[in-house]
Each structure stands twice: as structure tokens, then as C-alpha cells.
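Work through each task with the model in view before turning to its solution.

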Amino acid sequence: MDLKPGSRWKSAVCDAELVVVRPPKSPVSLECGGHPVIPHADTRTGDLALSDAHAAGAAAGKRYSDAESGLEVLCSKAGRGSLSVDGRAIGAQEAKKLPSSD
């Protein structure tokens, strides 16, 4: 899995679509719904099922990151599967607080 900046991926089990913002420091497996993601141009086979342990969902417009590998992805289309890296669940980043303009 070649997770280059700007590369587009999609879940093999749900509607989620992702764009890599920051690549990992070392090779990792990005997963959605408990299964590895596939390149955006590939077609889903339909023989995989969403894992109950990885069904928390991915929200469109949110950035997801993994501190251990350095990977950061942007969810461009929401889906029912949650994201993980090498089996570790990753969550959405908090919005950065902007300074007030008084």
C-alpha cells in the first residue's frame, strides 16, 4: 500500500473515501471497516462485510491521524466503517482553536 500525499483511497466495505494528507513514516496498512482500503479507481468486490468492531463510522470533512506512524488522512466521503492503521483505531483530530480578534 503506497500511501503518498494526495493519493485517493476508498473503503472495500462501505462508502467512505479518503485522501492522504501526510504519509506514514514507515509502511503501514490503512483500514476502514476492518479491511484494508483499496485505490479509488478499483471496484469493490462485494464479498467483504463490515466488521462490528470497526463500525463507528467516518465523517466527511474530518481529518484522521495516527501519532505512532505519522499518517494523516482526510475523509472526503462519509461511510459506516471506522478507520484504523495496522489494526489500531484512529480518531478524528480536534479543530484548532483560533486566537480571538479583539
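**Exercise 1.** Is L3 buried or exposed, and what is its relative accessible area?

*Solution.* This is a predicted model, in which local features need pLDDT of at least 70 and side-chain atom pairs count only at pLDDT 80 or more, while totals for chains, interfaces and linings use all residues. Residues are numbered from 1 along each chain as its sequence is written, and side-chain values use heavy atoms, with hydrogens and water left out. Begin by locating L3, which lies in the segment before β1 (8-10), where strands are DSSP runs of E of at least two residues, numbered from the N terminus. The relative accessible area of L3 is 5%, and buried means under 20%, with a 1.4 Å probe and protein chains only, so L3 is buried.

Next, list the contacts (heavy atoms within 4.5 Å): leaving aside neighbours within four places in sequence, L3 is in contact with W9, V20, P23, P24, V28, L30 and L71.

**Exercise 2.** Find where S82 is placed, and state which residues S82 touches beyond four places in sequence.

*Solution.* S82 sits in the loop between β7 (72-77) and β8 (83-85). With a relative accessible area of 11%, S82 is buried. Not counting residues up to four places away in sequence, S82 touches E31, C32, G33, H54, A55, A56 and G57.

**Exercise 3.** In what order do the strands of the four-stranded open sheet run, and which are its edge strands?

*Solution.* The order is β4-β3-β8-β9, with antiparallel pairing, where two strands pair if DSSP finds at least two bridges between them. The edge strands are β4 (35-36) and β9 (88-89), each of which pairs on one side only. Strand β3 (residues 30-32) pairs with β4 in the antiparallel sense over two bridges, and P36 in β4 is the bridge partner of E31.

**Exercise 4.** How many helices and strands does the chain have, and how does its radius of gyration stand against the globule rule?

*Solution.* The chain has zero helices and 10 strands. Its radius of gyration, taken over C-alpha atoms, is 14 Å, close to the 13 Å that the globule rule (2.2 Å times the number of residues to the power 0.38) gives for 102 residues, so the chain is as compact as a globular protein of that length. Finally, buried residues make up 38% of the 102 residues.

Terms used:
Buried < 20%, exposed > 50% of the residue type's maximum accessible area, 1.4 Å probe, protein only.
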